[in-house]
Amino acid sequence: MMAAIAVPPAEFTPYLMQQSGLRASLLKTNFGFGSDEWDDLRQEMALDCLKRLPKFDPERGNWKGFVHGVVRNRAFVLATQQTRRADLERQMFTDCNACDESGDELAQEAASEDIRPALELSIDVRRALAGLPEELQTLAHLVANLSIQAVRRQTGLSRLELERRIGQIRTAFAAAGLSPDEYFRNGGHR
């Protein structure tokens, strides 16, 4: 593999790890990844570059440019995934805030417009949450109101453990018929 790019391994590996480490630090600082994820991020970017190495074409550029571009692009994908994940988690639990509204406020809104679908959804969300263990109920409310990074700081959970627990919450919501696919398949109704 290395012979195809005519670069001694002694130069390639340190440069790849330096570029991957730099991007991992940027991801950690700017996109809410935890300090404990830095090594995983660096490794993922380095492995992605090694997988793409056979596609390197020395006619199109030098190997340092190739490494820089591949690592940068993978970092962009990871940042986008992290941002989307955080947005989806906040969106999924936004309805939890509706659970805290009083019945009088809901009745007043119902008098002014047809909010039946929103009211039904709010009730379904409340029921799904009530069926969760207390620690997952608390976590659901935290995720609804804080960034994922703030939730991690407050709970002390690693990214992977937080994702696992959020997965348990999603499973409970899906079992209650509240998965996004089911909701949108029914035109925004249960």
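A helix in this report is a DSSP run of H or I at least four residues long, and helices are numbered from the N terminus. With that in hand, here is a walk through the structure above, which is a predicted model.

## The overall plan

The protein has 11 helices and zero strands. Read along the sequence, its pattern is therefore simply α-α-α-α-α-α-α-α-α-α-α. Of its 190 residues, 35% count as buried. Take the contacts between residues at least 6 apart in sequence: 67% of these join residues at least 24 apart.

In soluble globular proteins, nonpolar side chains tend to be buried together. Let us see where that happens here.

The largest nonpolar core holds 20 residues, and those touching the most other members are Leu 16, Leu 27, Leu 41, Met 45, Cys 49, Phe 66 and Val 67. Which elements give two or more residues to this core? They are α2 (9-30), α3 (38-52) and α4 (63-93). Of these, α4 gives the most, with eight residues.

Leaving out residues up to four places away in sequence, Leu 41 touches Ala 24, Leu 27, Phe 33 and Leu 78. Apart from this core lies another one, of 18 residues, including Ala 86, Leu 129, Ile 169 and Leu 178.

Leaving out residues up to four places away in sequence, Asp 48 touches Val 70 and Arg 74.

Gln 82 sits in helix α4. The relative accessibility of Gln 82 is 7%, so this residue counts as buried too. Which residues does Gln 82 touch, not counting those up to four places away in sequence? They are Phe 31, Gly 32, Phe 33 and Arg 159. Keep Arg 159 in mind, as we return to this residue below.

Helix α9 covers residues 148-155, and Ile 148, Ala 150, Val 151 and Arg 152 in it are buried. Just after α9 comes Gly 156, with a positive phi of about 75°.

Helix α10 (residues 159-175) packs against α9 at an angle of about 105°, and the two axes are 10 Å apart. Angles of 65 to 115 degrees count as roughly perpendicular, and that is why α9 and α10 are described this way.

Where do they meet? On the α9 side the residues are Ile 148, Val 151 and Arg 152, and on the α10 side they are Arg 159, Leu 162 and Ile 166. Four residues of this contact are nonpolar, none are polar and two are charged.

## Salt bridges

How many salt bridges are counted in the model? The count comes to eight.

| Pair | N to O distance |
|---|---|
| Arg 152 and Asp 36 | 3.1 Å |
| Glu 163 and Arg 159 | 2.8 Å |
| Glu 161 and Arg 165 | 2.7 Å |

The pair of Arg 152 and Asp 36 links distant parts of the chain: Arg 152 belongs to helix α9, Asp 36 to the loop between α2 and α3, and 116 residues separate them. Arg 152 has a relative accessible area of 12%, so Arg 152 is buried. Asp 36, at 48% relative accessibility, counts as partly exposed.

The pair of Glu 163 and Arg 159 lies within helix α10. Because Glu 163 and Arg 159 are four residues apart in this helix, about one helical turn separates them. Glu 163 counts as partly exposed at 26% relative accessibility, whereas Arg 159 is buried at 18% relative accessible area.

Glu 161 and Arg 165 are also both in helix α10, four residues apart, about one turn of the helix. Glu 161 is partly exposed, and its relative accessible area is 22%.

Which residues are linked in a network of salt bridges? They are Asp 36, Glu 37, Arg 152, Arg 159 and Glu 163. Arg 152 and Arg 159 in this network are also part of the contact of α9 with α10.

Conventions. Residues are numbered from 1 along each chain as its sequence is written. This is a predicted model: local features need pLDDT of at least 70, side-chain atom pairs count only at pLDDT 80 or more; totals for chains, interfaces and linings use all residues. Side-chain values use heavy atoms; hydrogens and water are left out. A nonpolar core is a set of buried Ala, Val, Leu, Ile, Met, Phe, Trp, Tyr and Cys residues joined through side-chain atoms within 4.5 Å. Buried means under 20% relative accessible area, exposed over 50%, partly exposed in between (1.4 Å probe, protein chains only). Contact means heavy atoms within 4.5 Å. Axes are lines fitted to C-alpha atoms, for helices over the stretch in contact, and angles run from 0 to 180 degrees between N-to-C directions. Angles under 35 degrees count as roughly parallel, over 145 as roughly antiparallel, 65 to 115 as roughly perpendicular and the rest as oblique. Ala, Val, Leu, Ile, Met, Phe, Trp, Tyr, Cys and Pro count as nonpolar, Asp, Glu, Lys and Arg as charged, and the others, Gly among them, as polar. A salt bridge is a side-chain nitrogen of Lys or Arg within 4 Å of a carboxyl oxygen of Asp or Glu.
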